[in-house]
Each structure stands twice: as C-alpha cells, then as structure tokens.
Amino acid sequence: MFHFPAETFWLVVPWPFIWLAMGIIVYFKFKRDDELEDQAKKGDE
Amino acid sequence: MGSDVIIFIVYLLILLAIGVYFSRKASKSPESYLLADRNVGPAVTAFTMQSTSMSGFMFLGGPALAFQHGWFSIMYAIGDAGGGIVNLTVLGKRMRRMSEILGALSPIEYLEKRYESAAIRVVGAIIATIFLFAYVFAQFLAAGKALETLTGWKYEWAVIIGVGIIIFYTVAGGYLAVVWTDFFQAIVMLLGVIFLVFFGLAHVGGLSGLNESLAAIDPSYLSIWGKDYVYLGQWGVIIGASLIYMIGYMGLPHVVVRHMSMKSTKTVKTATLWAAVYNQLFTYSPYLLGMIGIILLPNLSDPEMVIPTLAYTLFPGMLAAILLSAIMAAIMSTSDSILMQAGTILSRDIYQRFIDKNASHQKMVLVSRLSVLLAGVIGVLVAIIQPPKVFDLVVFAFGTLGNSFMVPYIAAVYWKNANKAGVLSSMIAGGTSNILWTSFGWESVTGIHPFLAGLIISIIAMLIGNRFGTPPSERIQEIFEEAKGERLLPKNVEKNISKDIGPEAKVISVFLKEGHPVRG
C-alpha cells in the first residue's frame, strides 16, 4: 500500500493509530480514577 | 520590507503583548512567576508541553535528516508522536501531587526534596545549567540562522531581534507568559506545517506518488535502514532513535515542570487526549516535507533549509510568512521554556538555596527576572560570538539531559526505596555515558544509539548505587504513598479496614502455615 516496502509499511503506518488509541484509553482510565477519587473524598466528608 | 516580514513582525508583537499582559499577575509571588500558581489547564498544558518539546529541530534538523535518509527519519517522528502521551501518563498525576506536597517550585528542587539530598540539587543544577544553556544556545543559533535566511537581516541583528523578543516577554510575564505564548505558537506551528504538507503532497502525487518518485531516485530511501542501508540490521540505532523522543522528554527539566504547574491531577486526562491528537497531526509532517524536498528540490545545497525553501517555492507571499512564523514559533517556544528554567535554577536552586534563604517574595520575583535576563544575555552573546553546527549541539544537550534526569524523575514516583546514592550515580553515569558515546562516535562501533546506551547505563547505575544508600525517611515514604493517589476508599474506612480484617488474616496465615484450623 502507498508503494511502501512491506517492512516499512508495518513499522511505520500503524503508529499514529496506536498512539491515538492509547491516548483515548488513558483518557478513560484517568476519568475513572478521578471519579473514584471524588467518591472517596466525598466519603471523607 | 515584504509583506511576509510585516506579518512576522505583527506575530512578534502579539508575543510581546502576551508577556506584558501577564507581567502584573506574574509578579504576585515566586509561585506565580515560576509556576503560574499551579493553575494551568489541560489544553495549555498539552500544547506548551508539545511546543516546548519540539524545538527548531522539527523544522530544520528533522527535515534535513529526512532529506538525507528518507523514511529512516520517521523513526524519530514515531517516538515523538507518543512522547507527550507517555510523559503525561507516566509522570503527570504523581509528579503533580508530589511536587505540591513537597512544596517544590523547580524540578531540581523537587529532586532534592524527594531524595533528601543537597548534593542532588548541586549536581542536578550543574548538569541542568550547562546543558540547558547548550540547548538554548543552539536554539538561539537556529533563530538567528532562520531569520537571517528568511528576512535577509544580518545574522547578529537577527539573533538580537528574535531572541530579544523572547527574553522580553519571558522576563516580564514569567512562566504564565511562557505557557500562553507556547499555546499560541503550537497552533501556529500546526497550521503552518499542515498547509505545507497538504500542498507539498499534492505536488508529488500524494503519499503513493512520493514513494514512487523516491524509489525511482534511490530505493533505499524507502527502507527504515537509512540511505544506502547504512543502518542495516542495527536495531540499537532504530530503537534508540524512537526512544529518544518517546521517553526522553521525561528527563528534560523544562518539560517535566509542566506536570508541576497543572491546575490539578484531573488536568492530566484531557491534556493526554490533546497531546495525542496534536502529535499525530504534527510530528510526522516535517519529516514528510524533508522527503518531498528530495523530489522537488534536488539541487538544495543546505538540507536544513528544506522547509523554508519549500515554503517560498510553493507559497510565495502570505502563506510563506505564516511558515516563517511557524518555524520561529518552534524555536521560540522551546527557547522561552529553557530560558525560564535556566532562570528558575539560578534564582531558586542557587540564589535562594545557597545565598539568601530568607529572601522576600518581592525580592525573589526580582531575582528570578534578573536570572532569566542574565541567562538570555549570555545565550545571545555566545550565539553571536561562535556559531558551530546547530543541531549536533541540540542532540547532544537533549540526550545528556534525558539520560541524567529521566531515571531519577521516574524513580521518584515509582520506586519507594529509591535513594540519593542511586540517583546521584544514575545522574552522573547516564549523563557521562551520553557525552562519551556522542563525542567518540561509539554509535557506529557498537550499533547502539547514544540515548539508548545512556538509558541502560543510568538504570544499571541507579540499581547498583541504590544498594549503598540509606532508605528514604518515613515522611518521604508517606508522601510517596500519598502521591500514588490510589486511595479509592474514604479515610475512615481505610483506617478501620486493617483493624477489622486483621484477626481473620492472622487465622488464615496460621492455617496455611500449620495446616490446621485455629480457634478465633
């Protein structure tokens, strides 16, 4: 695809998608952590 | 004076206005001047982190590498594209919490307080000062070189004008001006590069057309092993090239300070998302432009000028002015952050720590301003007096800072028993190995990138050195636990939980050990 040699294609092209996916996963993981932290704080009060 | 220069001057005036606007707010206290009152939101945190990380190298050195080696250069972009995400995910929350609990205003002070050692502050301040200066000095050279070529101004005047603006708004508005000008400059950088890539690819027939033309010139341009397969099979070089910008930012004091200035730990999640999107749009583009240059500018004599030359070839006039601003934005957004950090180290880590411990808030703000000014003036003088090859210095300074500080910053929040002996060994061994590897060209002998070598050596030094030190105090161990922020239950529940399950746990452990039930 895009006239890449196979090796270059597989080492280069997936990365933007991997990073974007990681950014989204981290966002939801941290969102959950923040919510749990808020709940714990509410419990303190 | 051409319209492009006028647009560029307007751009510089906007930066000055931001500095003046924030000058009063920055004067409130040292925390306001040095850390923007720890009140920076997610988008600004993400953008200032990215624009600070991505220096003039992205517009001059990076494309030059692509112009010389083709797709091999994209290995640097791959790491860079994930750098912000990795940095925020690994350090973000924990460093934000710990720095506030410790009351640290500078990343070097943070290390001293975490590891309870003045020696760490001294060694850290020395390494950071030397290599931050080398870094900023390289940025100033790049600023002068770019301005000279693009505007026709004399090199000395180009440095004085370009850098003078940076010094002015940094001295006036402090950290707040730095992060907001960085935010603005990150947008300019992105718009500039996206325009150019879009039209550049259109000129060469898209990505397929680009690759087809590259293969016709030299098929090795399409490989990840460099032109003429010069790095064939050298995975140490390939991995090092990716790692340097993927994890190296976690060792740069002027970048990690962004974790300390976030509004709260909740800022991290949205900042990570902003960084992920921004990086995928930005980081690959300068390298693609370098490769487009191979096709469109076959007779280019100075590869570092590939983007400016493409800009003026493809878009004369207004758009070229935006590009000029984008190149300067990349240089300036890194320079101001380094200047700010060099000034912080001089004022907070040297002056207040060792000369005047009881300096008033007002005096500290003044000393911080004078320190930034002093750092800037020294940088300008050195840039004018001796201009060696710009980007050799950047890679040298970046790698040494990364190898000196990355392991200590990560260990500070992930290894409870990390101690001063381990950190001092790691800082000295990591930094020294990068210097040696780069100076003696051991990369070609060993097939290992200097950053990767420095990283391995700094980890080993940390593990060995740590065995000779004393464990951190109880107070630091408690702070460490608090910085982890994993408490998911209310305090009263946590307090009672061990009391409630304690007897039961004891019975179970006796049963497991002795194989018979115990009466409770």
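Predicted model: local features only at pLDDT ≥ 70, side-chain atom pairs only at ≥ 80, totals over all residues.
Take helix H21 of chain B, residues 474-484. Which of its residues are buried? They are B:Ile476, B:Phe480 and B:Ala483. These residues lie on the same side of H21(B), because they cover an arc of only 70 degrees around the axis. An α-helix has 3.6 residues a turn, so residues three or four places apart point the same way. The face of H21(B) turned away from the buried side carries exposed residues: B:Glu474, B:Arg475, B:Glu478 and B:Glu481. After H21(B) comes B:Gly485, with a positive phi near 60 degrees.

## Chain B as a whole

Chain B has 22 helices and 0 strands. Its C-alpha trace spans about 90 × 55 × 40 Å along the principal axes. A compact globule of 520 residues would have a radius of gyration near 24 Å, so the 25 Å of chain B agrees with that. Of the 520 residues, 58% are buried.

The domain assignment gives two domains: domain 1 covers 3-20 + 44-387, and domain 2 covers 494-520. Their centres, taken over C-alpha atoms, are separated by 57 Å.

## Chain A

Chain A has 2 helices and 0 strands. Along the principal axes, its C-alpha atoms fill a box of roughly 60 × 15 × 5 Å. Buried residues are 11% of its 45 residues.

An unreviewed UniProt entry places a "transmembrane region" at residues 12-30 of chain A. What is the chain like over residues 12-30? There it is 89% helix and 0% strand. The end C-alpha atoms of this stretch are 28 Å apart.

## Where the chains meet

In chain B, 31 residues are in contact with 24 residues of chain A. Four helices of chain B each give two or more residues to this side: H5 (74-102), H9 (206-217), H12 (267-282) and H22 (491-514). The largest share comes from H12(B), with 8 residues. By class, the side of chain B that touches chain A has 17 nonpolar, 9 polar and 5 charged residues.

## Helix H14 and its cover

Helix H14 of chain B runs over residues 306-314. Its buried residues are B:Val306, B:Ile307, B:Pro308, B:Leu310 and B:Ala311. What covers them? The cover includes helices H4 (61-69), H7, H8 (155-204), H13 (284-296) and H15 (318-355) of chain B.

B:Tyr312 also lies in this helix. Is B:Tyr312 buried or partly exposed? B:Tyr312 has 18 C-beta neighbours inside 10 Å, so it counts as partly exposed. The C-alpha atoms of B:Tyr312 and B:Arg467 are separated by 58 Å, and the two residues are 155 apart along the chain.

## A buried glycine

B:Gly454 lies in helix H20 of chain B, residues 450-466. B:Gly454 counts as buried because it has 32 C-beta neighbours inside 10 Å. Leaving aside residues up to four places away in sequence, B:Gly454 touches B:Gly399, B:Asn403, B:Gly430, B:Ser433, B:Asn434 and B:Trp437. B:Phe22 is 432 residues from B:Gly454 in sequence. In space, their C-alpha atoms are 39 Å apart.

Most residues other than glycine have a negative phi. B:Asp37 is not a glycine, yet its phi is positive, at about 60 degrees. Where does B:Asp37 lie? It lies in the loop between helix H2 (30-35) and helix H3 (42-53) of chain B. B:Asp37 has 17 other C-beta atoms within 10 Å, so it is partly exposed.

B:Glu116 is another non-glycine residue with a positive phi, here about 50 degrees. B:Glu116 lies in the loop between helix H6 (107-115) and helix H7 (118-151) of chain B. With 14 other C-beta atoms within 10 Å, B:Glu116 is partly exposed.

Note on methods: Residues numbered from 1 in each chain as written. Chains lettered and ligands numbered in written order. UniProt positions renumbered as here; feature names shortened; annotations may be inferred. Domains from an automatic or database assignment. Buried ≥ 20, exposed ≤ 12 C-beta atoms within 10 Å, placed from the backbone. Rg over C-alpha atoms; globule rule 2.2 N^0.38 Å. Contact = placed C-beta atoms within 7 Å. Nonpolar A, V, L, I, M, F, W, Y, C, P; charged D, E, K, R; others polar. Arc of directions from axis to C-beta.
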